[in-house]
Amino acid sequence: MTKIFYRTCYRYTTLSFSPKTCSAGGCRVGTIHNLLKKCPYKLDIGAVYNTKPSIGRHDSIILARELVFDIDLTDYDEVRTCCKEAKVCDKCWKFMVIACEIIHTALRDDFGFQNILWVFSGRRGIHCWVSDHEARTLDSPGRSAIADYMCLITGGENQNKKVNLGNDNLHSSIRRAINIIEKYFKELLEDQEFLSTTERLSTFLKIIPDETLRHQIEKVLDKMPTSSLQRWESFVDIYNNYCKENVTAIRKMKHLIEEIMIQYCYPRLDINVTKGFNHLLKSPFSIHPKTGKVSIVFKPEFARDIKLDEVPTIYTLLDDASPENAQHQTNMRTAVKNFQEVVFSLEKTEALRRKKYGGNSMEF
Ligand SMILES: [Zn+2]
């Protein structure tokens with residue numbers, strides 16, 4: 001791995017080379033020519049420093065870093081049933097669609113951010129880069145506060161119930177997230193069959209905190225056909241009737257249905273990536289070394305339309321004879337256009353900001 005620092009802004013970037021072509025080592029203070037000459041297969045991008053940072057040097061100061069989010073489908077392994085670990089399909093991509101919509105809406109409506117870039121990681125996740133000046137210059141407590149605000153699922157493997165919304169009325173952002181999840185929930189229940197096997201049903205029952213209710217539900221669901229959708233609808237009926245007859249129960253688990261929906265579908269964020277400054281994210285349009293897929297830039301409103309087979313790969317793009325070539329070329333052009341739109345909008349915002357404050361502190 002070679003580090004390269006852009007001359008104008010000391011952007012921390014590492015280049016990865018394939019062992020066959022690598023002659024790493026000669027790359028010091030870099031320019032774009034260095035990048036072209038070295039021809040890395042992957043670029044990872046970090047913060048902007050006041051001076052050239054290096055391993056032995058600890059006096060460099062971070063001037064800016066986009067606010068970033070990293071969502072990986074492997075963090076959904078306890079709920080997704082179609083794939084495990086590095087495997088991803090169009091069914092589990094729906095978890096990413098929900099994550100993208102919830103995070104994007106919160107960033108835009110709750111924090112007022114406008115310059116938000118969404119990138120497919122190339123294999124099993126998505127990255128979000130918030131580039132507004134306020135986001136780039138956000139300090140560590142500010143980043144932590146946003147990450148914690150977005151984080152609703154807590155606890156490790158041994159915790160059965162991972163969401164606790166309390167008994168008060170729900171915060172508007174949580175209500176909005178639930179409305180987004182509701183749009184996809186039935187589809188996901190059918191795709192993922194969250195409740196269809198004995199094992200999955202047992203995991204689900206463990207989330208229910210009231211023992212009497214849990215037994216009632218278990219008795220009914222056990223005898224039912226295995227359809228997760230039907231089982232879910234029965235659960236909702238039993239829960240509603242139980243709460244109607246039992247005033248203390250409603251106090252104890254007022255938002256149980258919402259809590260379960262969140263536990264199954266809400267974005268599972270790697271919050272340390274958002275909180276810290278040191279995590280490097282793959283540059284947009286990198287080629288994933290395992291899949292050959294391009295890290296395409298997509299518009300959040302079209303996340304749902306992404307088909308993983310239609311994501312361009314380095315192989316199909318370079319091979320005119322490939323049956324996917326034409327489609328992948330078109331999708332690549334769309335991705336570049338999406339990227340340009342975000343960059344142009346950011347440039348416009350920056351120009352306005354500089355004009356307003358007369359500053360040129362950000363050599364972006
Ligand atoms: Zn899958």
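Biologist: Are Phe235 and Tyr239 buried or exposed?
Modeller: Both Phe235 and Tyr239 are buried in this model, which is a predicted one.

Biologist: Where do Phe235 and Tyr239 lie?
Modeller: Helix α8 (residues 228-245) holds both of them. Phe235 and Tyr239 are four residues apart there, about one turn of the helix.

Biologist: And what kind of aromatic pair do Phe235 and Tyr239 form?
Modeller: The pair is tilted, with 6.3 Å centre to centre and 35° between the planes.

Biologist: Which cluster do the ring pairs build with Phe235 and Tyr239?
Modeller: Phe185, Phe204 and Trp232 are linked with Phe235 and Tyr239 into a cluster by ring pairs.

Biologist: How many aromatic pairs does the structure hold?
Modeller: There are 14 aromatic pairs in the structure. One of these is formed by Trp93 and Phe298, whose ring centres are 6.4 Å apart. Their planes stand at 70°, so this pair is edge-to-face.

Biologist: Why does Trp93 count as buried? And why Phe298?
Modeller: Buried means under 20% relative accessible area. Trp93 has 3% relative accessibility, so Trp93 counts as buried. Phe298 has 6%, and therefore Phe298 counts as buried as well.

Biologist: What is in contact with Asn338, leaving aside its neighbours within four places in sequence?
Modeller: Asn338 is in contact with Val297, Phe298 and Lys299. The side chain of Asn338 also reaches the backbone oxygen of Val297, at 3.1 Å. Asn338 itself is part of helix α13 (residues 325-357), and its relative accessibility of 10% makes it buried.

Biologist: Turning to the metal, what coordinates the zinc ion?
Modeller: The SG atoms of Cys82, Cys83, Cys89 and Cys92 coordinate the zinc ion at 2.3 Å. Along the chain, the donors follow the spacing C-C-x5-C-x2-C.

Biologist: Why is the arrangement around the zinc ion tetrahedral?
Modeller: The four donor atoms subtend angles of 102 to 119°.

Biologist: Is Cys82 buried or partly exposed? And Cys83, buried or exposed?
Modeller: Cys82 is partly exposed, at 26% relative accessibility, whereas Cys83 is buried, with a relative accessible area of 4%.

Biologist: Lastly, what sits over the ring of Tyr76?
Modeller: The charged end of Arg268 does, 5.7 Å from the centre of that ring.

Technical notes:
Residues numbered from 1 in each chain as written. Predicted model: local features only at pLDDT ≥ 70, side-chain atom pairs only at ≥ 80, totals over all residues. Heavy atoms only, no water. Phe/Tyr/Trp six-rings, centres within 6.5 Å; stacked < 30°, edge-to-face > 60°. Buried < 20%, exposed > 50% of the residue type's maximum accessible area, 1.4 Å probe, protein only. Helix = DSSP H or I, 4+ residues; strand = E, 2+ residues; numbered from the N terminus. Lys NZ or Arg CZ within 6 Å of the ring centre and 35° of its normal. Donors = N, O, S within 2.8 Å, 3.2 Å for Na, K, Ca; no water. Tetrahedral: all angles 85-135°; square planar, octahedral: opposite > 155°, others 65-115°. Polar contact = N/O pair within 3.5 Å; in protein donor to acceptor, adjacent residues only side chain to side chain. Contact = heavy atoms within 4.5 Å.
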